[in-house]
Amino acid sequence: MKYKIGCFIVFGFCLLAFTSIAEAQQISFVKNCSWEELKIRAQKEDKPIFVDVYTSWCAPCKKMAATVFKDPEVVAYMDKNYISIQLDAEKEKEHGFFTKFHPGAYPSFYWLDKNGQLLSTKTGYMLSESFLKSCRDAQTGSLGKQIDEYNRKWKSGNREDAFIDKYLFEILPQVFPDSVRPYFNQYLAGLSPEKLKSPRIGKLLCRFTHTIENDRVWSTLLEYNDVYSSELDSSLDFDRYMYMNLVRIPMSVWTDEVKFRSYLELIKSKNFPNKELYLNLIQMESKVFEGNYKEALEQALAIGAAYEATHAYLYREIAYTFVIGKFFVDNYSPSDEEKQTILKLTEKAFELTPSKSTVSYLAAAYARSGDYRKAYETLAILPFHKEPILSNAVYSLLNLPRKR
C-alpha cells in the first residue's frame with residue numbers, strides 16, 4: 001500500500017513538473033533590452049531579429065501569445081533561428097525600435113537582419129503554419145533595401161504610375177502607414193486636372209474615404225466625385241464610398257455635437273458637385289437617429305425620386321440607415337403610413353440594386369407592414385442574389401427570424 005502511495009506521489013510530482021514545463025514553454029523573448037543592446041546580441045550570435053509589437057487590449061495579440069508563441073514547433077524554430085523580443089506599443093513607446101518603425105495595427109511583426117535592417121513585416125493574427133512560413137521567408141527578405149531604393153526614386157522625382165502604385169500602396173503601408181496620405185497629397189499636387197479626373201486616381205482615392213481630412217486628397221475626391229461616379233467600373237461601387245465618407249462618417253459622431261458640427265461645417269465650406277444631395281442625406285439621417293421616422297421617410301423618398309436616374313444606389317443606402325436607426329425593432333410601433341413608405345423605399349432599393357442585403361430590407365418591410373407571408377416568400381429568394389449580405393449584428397435589427 002505504501003509502495004502504491006509512493007508511486008502515486010512520484011507520478012504526481014512528475015506530472016506537475018511536466019505540466020509546468022509545458023505551460024512555461026514559449027518563444028524565448030529577450031527582456032529589458034534596448035534596441036542597441038538587441039542588435040549587439042544579434043550580431044554576436046549571428047542571428048536575425050524578430051520583434052512582436054502588441055498592446056494590452058489587443059485580442060489577436062493575446063491569442064498569438066497563448067497559442068502560436070507556445071506551439072512547440074514554433075518555439076523550437078524561433079529559438080534556434082532568431083533573437084526575439086516583445087514590445088508593448090503603448091507602455092514601451094520610448095523604446096529605440098519605435099524611433100524607426102511605427103506600426104499602424106496590432107499585432108505587428110517585424111523580421112530584421114542582425115544589423116537592424118528590415119527583412120519583412122506582417123500584421124494581424126496568423127496560424128502557426130502561416131507564421132512559420134513568414135519566419136522562414138523573412139530570412140531571404142529585403143523589404144528594408146526596397147524601401148531605401150524607393151525612397152531614393154521618390155526623392156529623385158519619379159512619379160510613374162507603376163512606381164506610385166508599388167511604393168505608396170504596397171511598400172510604404174507595411175512600415176510607415178501614416179506617411180501614405182501625406183505622400184499621396186504631394187503626388188496629387190503635381191497632376192494636371194485631366195489626370196486628376198482619371199479613373200485611376202478615382203480608384204486610388206477610394207482608399208482614403210474612411211476619414212475626412214481637410215487636405216488635397218479630400219478636396220480632389222469632392223471636386224471630381226461626379227466624374228469618378230460616371231467613369232469608374234460599376235463593380236467598384238464608387239458612390240458607396242462617397243456615401244460612407246460624406247454621410248456615414250459625420251453620422252458616426254452624431255452624438256458628439258462638437259465633432260458632428262465640425263464635420264458638417266467643413267462639408268458646407270466646400271463647393272463640389274452633389275453637395276446639396278449629401279447635405280440633404282445628412283439631414284435625413286439625423287432625423288432617423290432622432291427617431292423622427294415619419295419626416296425622415298418622407299425626405300428619403302423625395303431624395304430617392306430626385307436622384308434615381310443618376311444615383312440609383314441611394315435607396316439601398318437609405319434603407320440600411322433605417323435598419324441601423326432601429327426602425328424595425330419591436331420597441332417602435334410605426335404608423336400605417338410609415339409602414340407603406342418603408343415598403344416603397346425597400347421595393348425601390350431591391351428593384352434598382354438587387355442583392356442579398358436589399359432582399360433582407362424588403363422582407364423586413366413586408367413583415368413590418370404585417371404581410372408575413374410576403375416576407376417569407378421574399379426571404380426564399382435570398383440565396384439567388386449576390387453579395388453583400390448583412391452581418392449577424394445588423395441582421396438582428398431587421399426583426400426577422402433566421403434559420404440556425
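Colleague: Hi! By class, which residues make up the lining of the largest cavity?
Modeller: The lining of the largest cavity has 4 charged residues, 1 polar and 1 nonpolar. Here Ala, Val, Leu, Ile, Met, Phe, Trp, Tyr, Cys and Pro count as nonpolar, Asp, Glu, Lys and Arg as charged, and the others, Gly among them, as polar.

Colleague: Before we go on, where do these values come from?
Modeller: This is a predicted model, so local features need pLDDT of at least 70 and side-chain atom pairs count only at pLDDT 80 or more, while totals for chains, interfaces and linings use all residues. Residues are numbered from 1 along each chain as its sequence is written, and side-chain values use heavy atoms, with hydrogens and water left out.

Colleague: Back to cavities, then. How many cavities of 30 Å³ or more turn up?
Modeller: Searching the whole structure gives 1 cavity of 30 Å³ or more. The largest cavity holds about 30 Å³ of space, and its lining is K294, L297, E298, E337, E338 and T341. Two or more of these residues come from each of α16 (293-307) and α18 (336-352). Helices (H or I, at least four residues) and strands (E, at least two) are DSSP runs, numbered from the N terminus.

Colleague: And what makes something a cavity or a pocket?
Modeller: On a 1 Å grid over the protein atoms alone, a cavity is a set of points where a 1.4 Å probe fits but cannot get out. A pocket is an open set with protein on both sides within 12 Å along at least five of seven lines, and lining residues have an atom within 4 Å of a point. Grid points are joined across faces, edges and corners, and a volume is the space filled by probe spheres set on the points.

Colleague: Nice. What volume does the largest pocket have?
Modeller: The largest pocket has a volume of about 720 Å³. It is lined by 32 residues, and D237, R240, Y313, R316 and T353 are the closest to its centre. The elements giving two or more residues to this lining are α13 (238-252), α17 (314-324) and α19 (356-368).

Colleague: Which element gives the most to that lining?
Modeller: That would be α13, with 6 residues. By class, the lining of the largest pocket divides into 14 nonpolar, 9 polar and 9 charged.

Colleague: You mentioned α19. Is T358 in that helix buried or exposed?
Modeller: T358, which is found in helix α19, is buried, with a relative accessible area of 0%. Buried means under 20% relative accessible area, exposed over 50%, and partly exposed in between (1.4 Å probe, protein chains only). Leaving aside neighbours within four places in sequence, T358 is in contact (heavy atoms within 4.5 Å) with R316, A349, F350 and T353.

Colleague: How about the second largest pocket, what lines it?
Modeller: The second largest pocket has 15 lining residues, with K31, Y54, Q86, L87 and E92 nearest its centre. Its space comes to about 250 Å³. At least two lining residues are supplied by each of β1 (29-30), α3 (59-66) and β3 (83-88).

Colleague: Changing topic: how many residues are in the largest nonpolar core?
Modeller: The largest nonpolar core has 105 residues, and V51, F97, F184, L281 and F322 have the most contacts inside it. Such a core is a set of buried Ala, Val, Leu, Ile, Met, Phe, Trp, Tyr and Cys residues joined through side-chain atoms within 4.5 Å. A second, separate core of 19 residues includes M64, Y77, L119 and C135.

Colleague: Lots of rings there! How many aromatic pairs does the structure hold?
Modeller: It holds 36 aromatic pairs. In one of them, the rings of F184 and F208 have centres 5.1 Å apart and planes at 10°, so the pair is stacked. Rings of Phe, Tyr and Trp (its six-membered ring) pair if their centres lie within 6.5 Å; planes under 30 degrees apart count as stacked, over 60 as edge-to-face and the rest as tilted.

Colleague: Where do F184 and F208 sit?
Modeller: F184 is in helix α8 (residues 180-189) and F208 in the loop between α10 (199-205) and α11 (216-223), 24 residues apart. F184 is buried at 0% relative accessible area, and F208 is buried at 7%. Elsewhere, F322 and F327 form an edge-to-face pair, 6.0 Å centre to centre with 90° between the planes.

Colleague: Last one: where is K386?
Modeller: K386 lies in the loop between α20 (372-379) and α21 (392-395) and is exposed, with a relative accessible area of 59%. Setting aside neighbours within four places in sequence, K386 is in contact with P354, S355 and K356.
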